Amino acid sequence: MADHTSEKSAKAAAERVAAKPTNPRKATPEPQPGKAAKPALLAGGNPQIAKAEGDAPVQAYIAAMPGWKSDVGRRLDAIVARTVPGVHKAVKWNSPFYGIEGEGWFLSFHVFTRYVKVTFFRGTSLRPLPPGKSKHKEVRYLDVYEDQLDEAQFAAWVKQASQLPGERM
């Protein structure tokens, strides 16, 4: 009797498998010539950009920033480039970094749902102090909301930050 039941169970299982429609794997869409794939947006709308050195990955990050944040990213990048000629750029941990080649990083920014957070790695040495406190001893933050960037103050902080020892990462 046990053999008969197990044969019946095996037959029923085989019929269920045979009746189940197979789902072929979804084909990955082929990239179109001349068209770069749009980066995925992580939590808060932060663009997922591969780690890389140079201006191109930073510009790709800025272009992928959602909505008004992309304009803020362009403004931040332009102010840094204008204030620190020859600034070294990279994308690390899905954030643009700015520094002096061979001397370390002085600034980074990251997209959050409601604002763009600028990180000054030696922010406690800046005057006046950027408003955002950090659990890290020397770090200070500036949260930039839509239409709320004081470009003159930001440029002054960038100039000061670029003259301090950079953060090695």
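Visitor: Leaving aside its neighbours within four places in sequence, which residues is S162 in contact with?

Guide: Contact means heavy atoms within 4.5 Å. By that test, and with neighbours within four places in sequence left aside, S162 is in contact with V84, I100 and F106. The model is a predicted one, in which local features need pLDDT of at least 70, side-chain atom pairs count only at pLDDT 80 or more, and totals for chains, interfaces and linings use all residues. Residues are numbered from 1 along each chain as its sequence is written, and side-chain values use heavy atoms, with hydrogens and water left out.

Visitor: Where is the place of S162, and is S162 buried or exposed?

Guide: Helices (H or I, at least four residues) and strands (E, at least two) are DSSP runs, numbered from the N terminus. S162 has its place in helix 4. Buried means under 20% relative accessible area, exposed over 50%, and partly exposed in between (1.4 Å probe, protein chains only). S162 counts as buried because its relative accessibility is 14%. A polar atom of the S162 side chain lies 2.9 Å from the backbone oxygen of K159.

Visitor: Where is the place of G166, and what is G166 in contact with beyond its neighbours within four places in sequence?

Guide: G166 belongs to the segment after helix 4. With those neighbours left aside, its contacts are E103, G104, W105 and R122. Its relative accessible area is 11%, so G166 is buried. From C-alpha to C-alpha, G166 and I100 are 7.4 Å apart in space, while 66 residues separate them in sequence.

Visitor: At what angle do the axes of helix 3 and helix 4 cross?

Guide: Axes are lines fitted to C-alpha atoms, for helices over the stretch in contact, and angles run from 0 to 180 degrees between N-to-C directions. Angles under 35 degrees count as roughly parallel, over 145 as roughly antiparallel, 65 to 115 as roughly perpendicular and the rest as oblique. The axes of helix 3 and helix 4 (residues 151–162) cross at roughly 50 degrees and come within 9 Å. Helix 3 is therefore oblique to helix 4.

Visitor: Which residues of helix 3 and helix 4 meet?

Guide: R75, L76, I79, V80 and T83 in helix 3 meet E151, F154, A155, V158 and K159 in helix 4.

Visitor: How do helix 2 and helix 3 pack?

Guide: Helix 2 (residues 55–64) packs with helix 3 (residues 68–83) at an angle of about 150 degrees, their axes being 7 Å apart. Helix 2 is therefore roughly antiparallel to helix 3. On the helix 2 side, V58, Q59, I62 and A63 meet S70, G73, R74 and D77 of helix 3.

Visitor: Which kind of peptide bond runs from R127 to P128, cis or trans?

Guide: That bond, from R127 to P128, is cis, with omega near -10 degrees. P128 is found in the loop between strand 5 (116–120) and strand 6 (140–144).

Terms used. Polar contact = N/O pair within 3.5 Å; in protein donor to acceptor, adjacent residues only side chain to side chain.
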